[in-house]
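Colleague: I have some "how do you know" questions about this one. Can we go through them with the model open?

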Amino acid sequence: MYNPEIESASRTQMQEWQLNGLKSTVKKVYENVDFYKKKFDELGIKPEDIQTFDDITKLPFTIKKDFRDTYPYGLFAEPLENINRIHGSSGTSGKPTIVGYTKNDLKNWGIIVARAIVAAGGKKSDVFHNAYGYGLFTGGLGLHQGAEELGVITVPISGGNTDRQITLINDLKPRGICGTPSYILSIVEKMEDMGIDPRETNLDYGIFGAEVWSEEMRSTLEKKLNIKAVDIYGLSEIMGPGVAVECHEEQNGLHIAEDHFYVEVIDKDTLQPVEDGESGELVFTSLQKEALPIIRYRTGDIASINREQCKCGRTTTRMSRIKGRTDDMIIIRGVNVFPSEMERVLLQVRGLVPVYQIHLIRKGAMDGIELHVECETILFDEVGKDLKHDTITLLKRTIQHQMKSTCLITIDIVVNPPKTIPRSEGKAIRLVDKRKQSPLGV
Ligand code: DLL
């Protein structure tokens, strides 16, 4: 452990830190952020009203729209001269969500990520290959900050330029690697194309996250690279990567950095807390942040929490893998489907690579799903004409059957020739809404 006194602190001690952090955060936002002062006043609450964890439900939620409405600096609790860095969300449309950090925030973030790298199996002398994108996105610089705090030899390659990534993995012999799971898979595929055996690198562990991925994807990456892969979670509005991470010992739930973030899990419709172990929307309150302290941020991410102590010795609450996002859930003919569930089913079918896209289409007057998958072996000729028609038909039927029995929906399957579904250098685009392109689109 990087900070054993914190990561394995007693519950009583952790709760004492958390309550102090909660009280000071509430005071800080009330005194420094007009947005929160107004909200608190409307609800008739004062910082002194928050004395126990139960009082937290008196506090208002913060949502993504609040960042947009106060863009760019409206939620900052420090004057701009105290801000040392800006990051932003990885949103694709409109203006990004701007977040800021003081010097202290950056130091704390580095420590949190250093803990994550150690939890993944990293140590000081490692060479560490950082394939998360550097820039406004928090992935690259966030992991970088943690790697430098820990003192590993950081290779700040960023995302993209896959050939160069492979050269450096071969030449610099990193023990650790990080990136989005989909991009790491692209690197692996490219190695295979070049005749390099990905199992032969010096890599021992990988820290993957920033997008939904499944247990099946983990096992594919672990086998292909001969590594241990852990899941890292975070979001820019809260800090960036490191809010939670799995330990390599157990790989069973992500340890939340609870001295920095107070977690709640709520029902997204009633907004009431759900029981431990039940899935709901994750809500975080920061406990030590200076530039952008945040109260009850509704992440839109769905997971459950488990407060049992982990065998690794860490006492922190663990969250499950992210099952999906409240806004990613596809409701087709009344059935709720998560892309991650489809990935899980898909990767159990032999002959497919873990690259797929879910297209939402319009079928007559109804919505439908077209699942685009890609096959592993050459069932197509060079111009993309299928050579083994029967095999492809069988493959389609198998996937359709599995989807029907697990996700309870009937979907259309399109089997694509190898390497034809677009690869990403960062977060993969899994969901494509084509309904508006259809002549009957709404
Ligand atoms: O993705 C921060 C990050 C960087 C996390 C590198 C992990 C590694 P944003 O761009 O603000 O920040 O996107 C945050 O990404 O609300 C989730 O929906 C999703 N996400 C992040 N980590 C995971 C994960 C970074 N491990 C949004 N599993 C979050 C599933 C994840 N989804």
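Colleague: What makes β3 and β4 a pair, and in which sense do they run?

Modeller: Two strands pair if DSSP finds at least two bridges between them. Strand β3 (residues 127-130) and β4 have three bridges and run in the parallel sense, so they meet that definition. In one of the bridges, His129 is partnered by Val155 in β4. Strands here are DSSP runs of E with at least two residues, and helices are runs of H or I with at least four, both numbered from the N terminus.

Colleague: Before we go on, what kind of model is this?

Modeller: It's a predicted model: local features need pLDDT of at least 70 and side-chain atom pairs count only at pLDDT 80 or more, while totals for chains, interfaces and linings use all residues. Residues are numbered from 1 along each chain as its sequence is written, and side-chain values use heavy atoms, with hydrogens and water left out.

Colleague: Which sheet do β3 and β4 sit in, and in what order do its strands come?

Modeller: An open, mixed sheet of nine strands, ordered β4-β3-β5-β6-β7-β8-β9-β14-β13.

Colleague: Why are β4 and β13 at the edges?

Modeller: β4 (153-155) and β13 (305-306) each have a single partner strand, so one side of each has no neighbour in the sheet.

Colleague: Where does helix α8 lie?

Modeller: Helix α8 (residues 181-193) lies across β5 (176-179) and β6 (205-209), at about 120° to β5. Such angles run from 0 to 180 degrees between N-to-C directions, with axes fitted to C-alpha atoms, for helices over the stretch in contact; contact means heavy atoms within 4.5 Å.

Colleague: How many strands form the sheet that holds β18?

Modeller: Four, in the order β20-β19-β18-β21, again open and mixed. Its edge strands are β20 (412-416) and β21 (431-433), each pairing on one side only. Strand β18 (residues 352-363) and β21 run parallel and share three bridges, and Leu360 stands opposite Asp433 in β21.

Colleague: Why is Ser279 called partly exposed?

Modeller: Buried means under 20% relative accessible area, exposed over 50%, partly exposed in between (1.4 Å probe, protein chains only). Ser279 has 42% relative accessibility, so it counts as partly exposed.

Colleague: Where is Ser279, and which residues does Ser279 touch?

Modeller: Ser279 is in the loop between β10 (261-266) and β11 (280-286). Leaving out residues up to four places away in sequence, Ser279 touches Val265, Val274, Ile302, Ala303, Ser304 and Lys323.
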